[in-house]
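This briefing concerns the structure shown below.

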Amino acid sequence: MRIGVRAAFLGLLATMTVGLSTGMLDYGKYVTDQGGINGIKVKMLWEETRAEIPRAISAHKRFNDAGVVMEMGLSSP
């Protein structure tokens, strides 16, 4: 199962969002290490969006092409 993360490691909001972005990725690893979701391993994909709407839209399109079933992020297109 693929989960997409719209991360913000760069840009204006990075000082407040780096921990959140890293936490989402770490949680995906934790879930996988615990056996996944109903036995299905989780693969976390991430895209740098800087919490900007145009970048979030581009990330959504790339996630859609990659077969992502759920997205998590700090901005919503």
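Two strands are taken to pair if DSSP finds at least two bridges between them. In this predicted model, S1 and S2 meet that condition with six bridges, in the parallel sense. The chain crosses from S1 through H1 to S2, a β-α-β crossover that is right-handed.

**Strand pairing**
- Parallel pairing joins S1 and S2, and within S2 the bridge partner of Arg 2 is Lys 43.
- S1 comprises residues 2-7, S2 residues 43-48 and S3 residues 70-73; these strands are among the elements that cover the buried residues of H2.
- The cover over the buried residues of H1 likewise includes S1, S2 and S3.

**Helix H1**
- H1 has 20 residues, which at 1.5 Å a residue should span 28 Å; the end C-alpha atoms are 28 Å apart, in agreement with that expectation.
- Ala 14, Thr 17, Ser 21, Met 24, Leu 25, Gly 28, Val 31 and Thr 32 are the buried residues of H1.
- These residues cover an arc of only 125° around the axis and are therefore on the same side of H1.
- An α-helix has 3.6 residues a turn, so residues three or four places apart point the same way.
- On the face of H1 turned away from the buried side are the exposed residues Thr 15, Met 16, Gly 19, Tyr 27, Lys 29 and Asp 33.

**Helix H2**
- H2 runs over residues 53-66; its 14 residues should span 20 Å at 1.5 Å a residue, and the distance of 20 Å between its end C-alpha atoms agrees.
- The residues Ala 56, Ala 59 and Phe 63 of H2 are buried.
- Viewed down the axis of H2, the buried residues fall within an arc of 60°, so they line one face of the helix.
- Pro 54, Lys 61, Asn 64 and Asp 65 are exposed residues on the face of H2 turned away from its buried side.

- Gly 35 is found in the loop between H1 (14-33) and S2.
- Just after H1, Gly 35 adopts a positive phi of about 110°.
- With a relative accessible area of 30%, Gly 35 is partly exposed, because this class covers values between the limits of 20% for buried and 50% for exposed.
- Leaving aside residues up to four places away in sequence, Gly 35 touches Ile 40 and Lys 41.
- Gly 35 and Arg 50 are 15 residues apart along the chain, and their C-alpha atoms are separated by 31 Å.

**Aromatic pairs**
- The count of aromatic pairs comes to two.
- One of these pairs is formed by Phe 9 and Trp 46, with 5.3 Å centre to centre and 90° between the planes, an edge-to-face arrangement.
- Phe 9 lies in the loop between S1 and H1, whereas Trp 46 lies in S2, so the pair ties together parts that are 37 residues apart in sequence.
- Phe 9 is partly exposed, with a relative accessible area of 25%.
- Trp 46 is also partly exposed, with a relative accessible area of 45%.

Terms used: Residues numbered from 1 in each chain as written. Predicted model: local features only at pLDDT ≥ 70, side-chain atom pairs only at ≥ 80, totals over all residues. Heavy atoms only, no water. Helix = DSSP H or I, 4+ residues; strand = E, 2+ residues; numbered from the N terminus. Expected span 1.5 Å × (residues − 1). Buried < 20%, exposed > 50% of the residue type's maximum accessible area, 1.4 Å probe, protein only. Arc of directions from axis to C-beta. Contact = heavy atoms within 4.5 Å. Right-handed = clockwise from strand over helix to strand, strands pointing away. Phe/Tyr/Trp six-rings, centres within 6.5 Å; stacked < 30°, edge-to-face > 60°.
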